[in-house]
Amino acid sequence: MNMKPTGHSGRLICHIALLAFTNSPSSAFSPTCTRRSASSHASVPPNVMHFPSDHSRRALPVRSVSSRSPIHLSSSRSSNVEEFDEAAYESDRLAKDAIAMAEMKSQAEEEYAKLRTPWKWRIRKAVWDFMEEKDVAQFPRPVHHRIPNFLGADEAAKNLASLPEFQNANLIKVNPDTPQRKVRHFVLESGKTLLTPQPRLRTGFFSTLSKNEVPPDVPIEALTTSKGAAQYGTPVSLYESYNVDLVVVGSTAVCPNTGARVGKGEGFAELEWGILTQQGNLDANKVLVVTTVHDCQVLDETGEKEPWKVLMRQLKEEDGTEGIPATTPFGTLTQHDVPVDIIVTPSRCIRVPNRLPKPSGVFWDLLSPQKLSQIHVLQELKKRTEEELGHKLPCGPDEVLPPIAERRDRGGRGRSAGRGGRMPGRGNKDRR
């Protein structure tokens with residue numbers, strides 16, 4: 001499939017590129033993948049922030065990544081398994097979900113403008129609505145306000161596992177969302193170490209799992225949920241010594257030209273990346289980021305069956321000119337946003353030709369008090385960093401936190417949470 005943007009869409013995507021990469025990584029990949037041709041440089045509009053020539057964005061201070069290769073973890077896997085109290089874990093997780101639900105009430109459509117990046121919410125809603133309408137979504141549904149699970153997620157995971165970058169990696173970080181569950185399965189099945197965050201970083205930080213370090217009678221399937229990671233994994237603190245080789249993230253929408261992605265709106269992929277780069281566990285200039293999505297989630301405004309064409313037409317009509325304002329979808333990239341290097345769908349792999357620069361470290365001046373108050377590990381990291389620097393770090397502006405997804409039974413499609421958010425009194429288990 002020819003993904004090269006043309007005409008009006010090309011001008012839109014040019015606005016995405018804060019700095020264009022002339023070529024993507026040149027390593028070979030699966031025969032099912034399609035290599036996109038790289039353009040020379042995408043134009044950068046004057047109202048878009050320019051970043052340093054080293055193709056990275058940095059929030060100092062950042063600890064350097066050492067040459068250490070083995071992972072050294074202080075916690076005991078065996079004692080963790082023996083002492084795990086499933087009932088207490090579930091009770092604590094659901095209680096914290098209830099708190100999150102109360103703090104992040106679902107917003108009506110007209111209230112999206114109050115959020116920090118309202119243009120991203122237009123993209124999210126367009127994709128979520130389309131996936132539900134065309135029935136390409138999978139459980140948990142509705143997919144609104146979550147990383148959407150999709151038909152073909154297992155095939156996309158299989159395509160990802162065939163990439164040489166995956167095969168050569170030893171420690172792979174994978175998000176805990178449902179559509180990437182099969183990716184986590186392939187990581188463990190391949191004998192690699194899985195690094196996965198606890199949902200919303202509220203029940204913990206990260207956990208590592210390896211099939212060789214759990215009881216032999218435990219199936220891999222039991223290790224790929226957040227509950228399995230908590231029960232059988234080794235808790236990882238902020239100060240462990242390890243190096244991440246590859247990062248897999250979930251997406252609601254993604255641009256095949258620049259790698260700009262939109263998640264579900266809570267920013268945890270960016271926070272996790274910021275923490276790992278600041279602590280020296282991940283090199284932002286070397287580690288590749290991969291996402292698995294349905295084909296309709298890839299920005300392609302020429303596709304009649306996908307939500308992009310209508311959305312882009314609306315934006316052009318609103319603007320009234322040939323130019324695209326910076327507030328339109330993918331018009332600007334927030335300073336802490338993490339773009340992807342490779343997009344994998346059930347039918348293809350796309351190597352991003354003009355990947356935007358990746359950030360490094362935690363941008364404390366962008367982190368709102370509301371978000372900071374929810375995440376203990378960030379509070380700990382900020383306090384420790386302030387002690388090391390000898391002065392207070394800045395705090396970001398207040399923000400209206402985004403909605404949380406509602407839960408429905410496996411058999412039902414559920415109501416669109418884009419209009420009503422989640423149902424009161426329901427525990428949120430969307431990141432299983």
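**A buried charged pair and its surroundings**

Author: Asp341 is buried, with a relative accessible area of 4%. Buried here means under 20% relative accessible area, exposed over 50%, and partly exposed in between, using a 1.4 Å probe and protein chains only. This is a predicted model, so local features need pLDDT of at least 70 and side-chain atom pairs count only at pLDDT 80 or more, while totals for chains, interfaces and linings use all residues. Residues are numbered from 1 along each chain as its sequence is written, and side-chain values use heavy atoms, without hydrogens or water.

The partner of Asp341 is Arg355, in a salt bridge of 2.9 Å from N to O. The pair links distant parts of the chain, 14 residues apart. Arg355 lies in the loop between strand S12 (349-351) and strand S13 (358-360). Asp341 lies in the loop between helix H10 (308-319) and strand S11 (342-344). Helices (H or I, at least four residues) and strands (E, at least two) are DSSP runs, numbered from the N terminus. Arg355 also counts as buried, because its relative accessibility is 10%. Side chains of opposite charge can pair when their charged atoms come close.

The whole structure holds 14 salt bridges. Each is a side-chain nitrogen of Lys or Arg within 4 Å of a carboxyl oxygen of Asp or Glu. Lys264 and Glu266 form one, with the closest N and O atoms 3.6 Å apart. Both of these residues are buried. Lys392 and Glu386 form another, at 3.9 Å. There Lys392 counts as exposed because its relative accessibility is 67%, whereas Glu386 counts as buried at 14%. Glu132, Asp135 and Arg141 are linked in a network of salt bridges.

The buried residues of H5 pack against helix H6 (164-168), H7, S7, strand S10 (288-292), S11 and S12. In H5 (residues 153-161), the buried set is Ala153, Ala156, Ala157, Asn159, Leu160 and Ala161. H7 (residues 181-189) has Val183, Arg184, His185, Phe186, Val187 and Leu188 buried. Just after H7, Gly191 takes a positive phi of about 80°.

On a 1 Å grid over the protein atoms alone, a cavity is a set of points where a 1.4 Å probe fits but cannot get out, and lining residues have an atom within 4 Å of a point. Four cavities of 30 Å³ or more are found. H9 gives the largest share, three residues. The lining divides into five nonpolar, no polar and three charged residues.

Now the confidence. pLDDT is the predictor's confidence in each residue, from 0 to 100. The protein averages 74, and 62% of the residues score at least 70. Over residues 1-55 pLDDT stays under 50, and the model has 133 contacts there beyond four places in sequence. A contact means heavy atoms within 4.5 Å. Residues 320-328 also stay under 50, with 16 such contacts. Where pLDDT is low, the predicted coordinates should not be read in detail.

Note on methods: On a 1 Å grid over the protein atoms alone, a cavity is a set of points where a 1.4 Å probe fits but cannot get out, and a pocket is an open set with protein on both sides within 12 Å along at least five of seven lines; lining residues have an atom within 4 Å of a point. Grid points are joined across faces, edges and corners, and a volume is the space filled by probe spheres set on the points. Ala, Val, Leu, Ile, Met, Phe, Trp, Tyr, Cys and Pro count as nonpolar, Asp, Glu, Lys and Arg as charged, and the others, Gly among them, as polar.
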